[in-house]
Amino acid sequence: MRVSVKVVSWLALICMLLASQLPCRLMAAEAMPRLDFAGSVTWLGQVPILVAVEKGFFKDEGVDVNVQVILSSSDRIRAVTSGAVAFSNLGRSTVISEMARGNDSFFYFANVDDSPGSEGCWARAGFRSFSDLKGRKIAANTSAEVTMDGLLERAGMNMQDVQFVNLSPNEMALALGRGDVDAACVWQPLLDNLKKAAPDGALLGTDADTETYKRFGTMSSPDILIVSRKLVEEHPDQARRLATAILRGADYVIENPEAAAAAVAHLFRQPPEVVLAGIKSFKYYGSKGWREHMDKHTEQMQFLSLWLHRNKKISSAPDVKQWKNTSFVPE
């Protein structure tokens, strides 16, 4: 078959155009920065960020975010400090402890989840109040210890009035069921496990009954979002893209809880209806009034900083505002 010179010329031109566009597309793909997230898939506070990943909100902003599942808050903050991830959402007691050690590798910039009332203390049969537990063993850990202290204070007691046992949250139900401890304080869904272990017991109170809640409307130690200081200082535009997508994710959860549950249920390895029930027990905060919301959380963090120092959990009480940076968060 004979092919005319004119056809060959057109084919050559088309090939040249395709060849010139391919490197451009590859360069565009390579230009999207990789900014990974350290999070948990056992705590529904992470839902806004996970939704932003699953719904493509980060990619819409031109950043590539993958989830690195890291269950421990202390391990998450180490991942941010080392540069293994760009940002994380974690318990603020751990964040304040790192501040007290002088770790200046991160900023905190937002709070997108809270769940007052989801952390509480459950006693086995025969104990109906904290006064019944004077001199007895009570287990708690991390933020739940703050809740326990607040509930003791409400009952006119303090930590010296009980035998405190620092126990892993996953061990509490077994210890309570065996009678190794007389009460335990923990968060949901582990609090439900305590009730199953001692079904004839009693709920002594939750974090919604403490001074922290009365003053700030929060649980004892809510999550806080942190981001690499280096990223903010060297690439504020990328930090802004992260914040934009995160707030969009939180707004989506608030406005579309059913769709949000369906999007992330596979990450939690639960049916969407189970995740939806959990989402409905949380409070999520997005772009609406975020600045005033963060002012309140900064006050709460300073309150918690002083509590941790007073109870000898940290060597000094840091001025948490030195780690606050919201300059890149969209108005």
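## Exercise 1: The largest pocket

The residues lining the largest pocket comprise 17 nonpolar, 21 polar and nine charged. The model is a predicted one.

**Task.** State the volume of the largest pocket, and determine which helix gives the most to its lining.

**Solution.** 
1. The volume of the largest pocket is about 1,400 Å³.
2. Its lining is formed by 47 residues, and T42, W43, L71, R76 and W187 are the closest to the centre of the pocket.
3. The helices that each supply at least two lining residues are α4 (73-82), α5, α6 (143-154), α8 (190-197), α13 (272-280) and α14.
4. The most is given by α5, which provides four residues of the lining.

## Exercise 2: The second largest pocket

**Task.** Give the volume of the second largest pocket, and describe how its lining divides by residue class.

**Solution.** 
1. A volume of about 240 Å³ is computed for the second largest pocket.
2. There are 16 lining residues; G83, V85, A86, S228 and L231 lie nearest the centre of this pocket.
3. Two helices, α4 and α10 (229-234), each supply at least two residues of the lining. The most comes from α10, with four residues.
4. The lining of the second largest pocket consists of six nonpolar, five polar and five charged residues.

## Exercise 3: The cavity

**Solution.** 
1. The volume of the largest cavity is about 30 Å³.
2. By class, the lining of the largest cavity has five nonpolar, three polar and no charged residues.

## Exercise 4: Helices α5 and α14

**Task.** Characterise the packing of α5 against α14 by crossing angle, handedness and contact residues.

**Solution.** 
1. Helix α5 spans residues 92-100 and helix α14 spans residues 290-310; their axes come within 10 Å and cross at roughly 70 degrees.
2. Because of this angle, α5 is roughly perpendicular to α14; the class covers angles of 65 to 115 degrees.
3. The crossing of α5 past α14 is right-handed.
4. On the α5 side the contact is made by R92, S93, V95, I96 and M99, and on the α14 side by H297, Q300, M301, L304, S305 and L308.
5. The residues of this contact are six nonpolar, four polar and one charged.

## Exercise 5: Helices α12 and α13

**Task.** Describe the geometry with which α12 and α13 pack, and give the classes of the residues in their contact.

**Solution.** 
1. Helix α12 (residues 257-268) packs with α13 at an angle of about 115 degrees, and the axes are 8 Å apart.
2. This pair makes a right-handed crossing.
3. From α12, the residues P257, E258, A260, A261, A262, V264, A265 and F268 meet P272, V275, L276, I279 and K280 of α13.
4. The residues of the contact divide into eleven nonpolar, no polar and two charged.

Note on methods:
Residues numbered from 1 in each chain as written. Predicted model: local features only at pLDDT ≥ 70, side-chain atom pairs only at ≥ 80, totals over all residues. Heavy atoms only, no water. Axes fitted to C-alpha atoms, helices over the stretch in contact; angles between N-to-C directions. Parallel < 35°, antiparallel > 145°, perpendicular 65-115°, else oblique. Left-handed = near helix turned anticlockwise from the far one by under 90°. Contact = heavy atoms within 4.5 Å. Nonpolar A, V, L, I, M, F, W, Y, C, P; charged D, E, K, R; others polar. 1 Å grid on protein atoms, 1.4 Å probe; cavity = no way out; pocket = protein on both sides within 12 Å on 5 of 7 lines; lining within 4 Å. Points joined across faces, edges and corners; volume = space filled by probe spheres on them.
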